[in-house]
Amino acid sequence: MKIFFISLFPEMFAPVLETSMLFKAKEKGLVEFEYISLRDFGLGPRKQVDDTPYGGGDGMLLKPEPLVSAIEQAKEKAKNPHVILMTPRGERYSQHKAKKLAACNNDLIFVCARYEGYDERVVEYVDEQISIGDYVLTGGELPAMVIADSVIRLIPGVLGGETSAEIESFSDGETLEYPQYTRPEEFRDKKVPKVLLSGNHGQIAKWRKENSEKSKN
Ligand code: 21W
């Protein structure tokens with residue numbers, strides 16, 4: 001899977017995506033990233049990408065021409081491109097959606113807006129619009145990385161055979177999230193629950209179930 005990020009701040013991505021499990025996924029050849037600078041598609045000698053809103057109002061909007069040119073270039077480079085516009089007005093993101101994106105075998109193109117938004121006419125050039133939740137951020141870059149992270153960990157081989165993400169990735173069941181402990185047995189007067197040291201697997205399973213929060217996975 002190849003993932004493209006279109007943004008005015010393409011330098012935001014590498015520090016996050018080229019670290020930890022995400023970097024390992026890239027090293028194993030399971031995923032590839034390309035960062036596309038919206039500025040490269042700006043208009044005129046000043047490479048203009050934004051302008052004031054028709055009808056008045058605060059702030060600047062991303063102009064349609066640079067955004068659409070960047071999307072078209074990414075689409076040409078991608079196999080089976082699926083274009084996702086990151087917007088606070090989009091459909092709310094979920095684990096269910098992560099599974100669909102991981103399974104779909106498309107290259108993903110994330111379009112990240114900045115300023116106060118974008119010209120509505122770009123919407124015709126995207127396949128879907130996604131929001132990661134009801135709070136206001138300064139841009140779509142962090143949301144795009146949130147989605148990329150949640151999708152990449154579901155790609156078979158990324159987390160390695162011993163983890164459950166791979167096995168669970170196409171089921172929609174609820175998994176159990178229970179409190180976990182490691183050494184030392186006592187930390188600042190707080191002891192690890194005795195049952196976990198007992199070696200009694202039946203009792204341990206019962207304790208974990210009783211102390212679980214259900215989590216969608
Ligand atoms: C924030 C863009 C506010 C636009 C009409 C009139 C992408 C995001 C973003 C941003 C506005 C996501 C307006 C959760 C988010 C994102 C930057 C406001 C003002 N519209 N998920 N005036 N939260 N945020 N538009 O902020 O681009 S996904």
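In what order do the five strands of the open sheet lie? Here are some notes to read alongside the model.

1. **Ground rules.** This is a predicted model, in which local features need pLDDT of at least 70 and side-chain atom pairs count only at pLDDT 80 or more, while totals for chains, interfaces and linings use all residues. Residues are numbered from 1 along each chain as its sequence is written, and side-chain values use heavy atoms, leaving out hydrogens and water.

2. **The sheet.** The order is β2-β1-β6-β5-β7, with parallel pairing. Strands here (E, at least two residues) and helices (H or I, at least four) are DSSP runs numbered from the N terminus, and two strands pair if DSSP finds at least two bridges between them. At the edges sit β2 (32–37) and β7 (128–131), each pairing on one side only. On average, neighbouring strands of this sheet are turned by 30 degrees against each other, direction ignored.

3. **A pair to look at.** Strand β1 (residues 2–7) runs parallel to β2, and six bridges join them. Find S7, then look for its bridge partner in β2: that is S37.

4. **A helix across the sheet.** Helix α3 (residues 64–77) lies across β1, β2, β5 (81–92) and β6 (107–112), running at about 165 degrees to β1. Axes are lines fitted to C-alpha atoms, for helices over the stretch in contact (heavy atoms within 4.5 Å), and angles run from 0 to 180 degrees between N-to-C directions.

5. **Two crossing helices.** The axes of α4 (residues 95–103) and α5 (residues 141–152) come within 8 Å and cross at roughly 70 degrees. That is why α4 counts as roughly perpendicular to α5 (under 35 degrees is roughly parallel, over 145 roughly antiparallel, 65 to 115 roughly perpendicular and the rest oblique). A98, L101 and A102 of α4 make the contact with I147, S150 and V151 of α5. By class, this contact has five nonpolar residues, one polar and no charged ones (Ala, Val, Leu, Ile, Met, Phe, Trp, Tyr, Cys and Pro count as nonpolar, Asp, Glu, Lys and Arg as charged, and the others, Gly among them, as polar).

6. **Two backbone details.** R183 and P184 are joined by a cis peptide bond, with omega about 5 degrees; P184 lies in the loop between β8 (174–177) and β9 (186–187). K47, in the loop between β2 and β3 (50–51), has a positive phi of about 55 degrees although it is not a glycine.
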